[in-house]
Amino acid sequence: MNSEQIQLVQSTFDLVRPIAPTAADLFYKRLFVLNPSLRPMFKGDLVDQGRMLMSMLNAAVNGLTNLESMIPVVRQLGARHVKYGVRDEHYITVGSALLWTLAHGLARRISQPIAGYWQEIQRSRPPEPG
Ligand code: HEM
């Protein structure tokens, strides 16, 4: 990943932080639509779980500029996931639920200002002829 890509990922995550609980909620809903058999693997409260997921993603995104520091953290996280019964193929489903969440969660945040611009244009438009 070059520094421009890292910068893009980090600035996109800046948009996620303020809506982290909503993003987490969207994420689990999407995950269990993609694969309902994953639901019973989650024993705890999903709101708490979402908070932990978002905090770990935050650390990972921040850590992109210092990968060395993230390696042991991610390695230990992976080892804990083996104990939760997570298999390699589950990461593909989790990855696609995450990307879906980003697309949907951010689309709303990005389109809101754009919707505002459209309203401004509408308000300032000249009167209809006749
Ligand atoms: C992007 C990769 C992932 C990240 C950052 C992540 C993050 C986390 C975090 C922070 C926890 C809290 C407990 C701990 O720290 O060990 C956790 C627990 C858990 N994760 Fe993940 N995870 C990821 C991928 C996955 C995948 C692919 C699955 C497969 C379904 C999964 C299923 C679980 C389960 C079952 C738990 C325990 C829930 C419980 O005990 O109720 N995670 N995850």
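Visitor: Which helix does Leu 98 lie in?

Guide: Leu 98 lies in helix α5. Bear in mind that this is a predicted model.

Visitor: How far apart are the C-alpha atoms of Leu 98 and Tyr 28?

Guide: They are separated by 8.9 Å. Along the chain, Leu 98 and Tyr 28 are 70 residues apart.

Visitor: And Phe 27, what does that touch?

Guide: Phe 27 touches Ala 97, Leu 98 and Thr 101, leaving out residues up to four places away in sequence. Phe 27 and Ala 97 also belong to the largest nonpolar core.

Visitor: Which other residues make up that largest nonpolar core?

Guide: Val 16, Ala 23, Ala 24 and Leu 31. The core has 6 residues in all. Helix α2, residues 20-34, gives the most to this core, with 4 residues.

Visitor: What share of the protein's residues count as buried?

Guide: 6% of the 130 residues.

Visitor: Zoom out. How many helices and strands are there?

Guide: The protein has 5 helices and 0 strands. From the N terminus on, the elements run α-α-α-α-α.

Visitor: Take α1. Why does it lie largely in the open?

Guide: Because the number of buried residues among the 14 of α1 is 1. The length of α1, residues 3-16, checks out too: at 1.5 Å a residue it should span 20 Å, and its end C-alpha atoms are 20 Å apart.

Visitor: What about α4, how many of its residues are buried?

Guide: The count is 0 among 17 residues, so α4 is hardly covered. Helix α4, residues 67-83, should span 24 Å at 1.5 Å a residue. Its end C-alpha atoms are 25 Å apart, which agrees.

Visitor: What happens just after α4?

Guide: Gly 85 takes a positive phi of about 90° there.

Visitor: Now the ligand. How many residues surround it, and which are the closest?

Guide: 18 residues surround the ligand. The closest are Met 41, Gly 44, Met 56, His 90 and Val 94.

Visitor: Which helix gives the most to that shell?

Guide: Helix α3, with 5 residues. α3 (46-62), α4 and α5 (88-124) each supply at least two.

Visitor: What's the shell like by class?

Guide: 12 nonpolar, 4 polar and 2 charged residues.

Visitor: Over to the N terminus. Where is Met 1, and is it buried or exposed?

Guide: Met 1 sits in the segment before α1. Met 1 is exposed, with 11 other C-beta atoms within 10 Å.

Visitor: What does Met 1 touch?

Guide: Ile 6 and Leu 64, again not counting residues up to four places away in sequence.

Visitor: Last thing, confidence. Where is it lowest and where highest?

Guide: Confidence is lowest in α5, at a mean of 78, and highest in α2, at 96. The mean pLDDT of the protein is 87, and 83% of its residues reach 70 or more. Where pLDDT is low, the predicted coordinates should not be read in detail.

Notes. Residues numbered from 1 in each chain as written. Predicted model: local features only at pLDDT ≥ 70, side-chain atom pairs only at ≥ 80, totals over all residues. Expected span 1.5 Å × (residues − 1). Buried ≥ 20, exposed ≤ 12 C-beta atoms within 10 Å, placed from the backbone. Near = placed C-beta within 6 Å. Nonpolar A, V, L, I, M, F, W, Y, C, P; charged D, E, K, R; others polar. Core = buried A, V, L, I, M, F, W, Y, C linked by C-beta atoms within 7 Å. Contact = placed C-beta atoms within 7 Å. pLDDT = per-residue confidence, 0-100.
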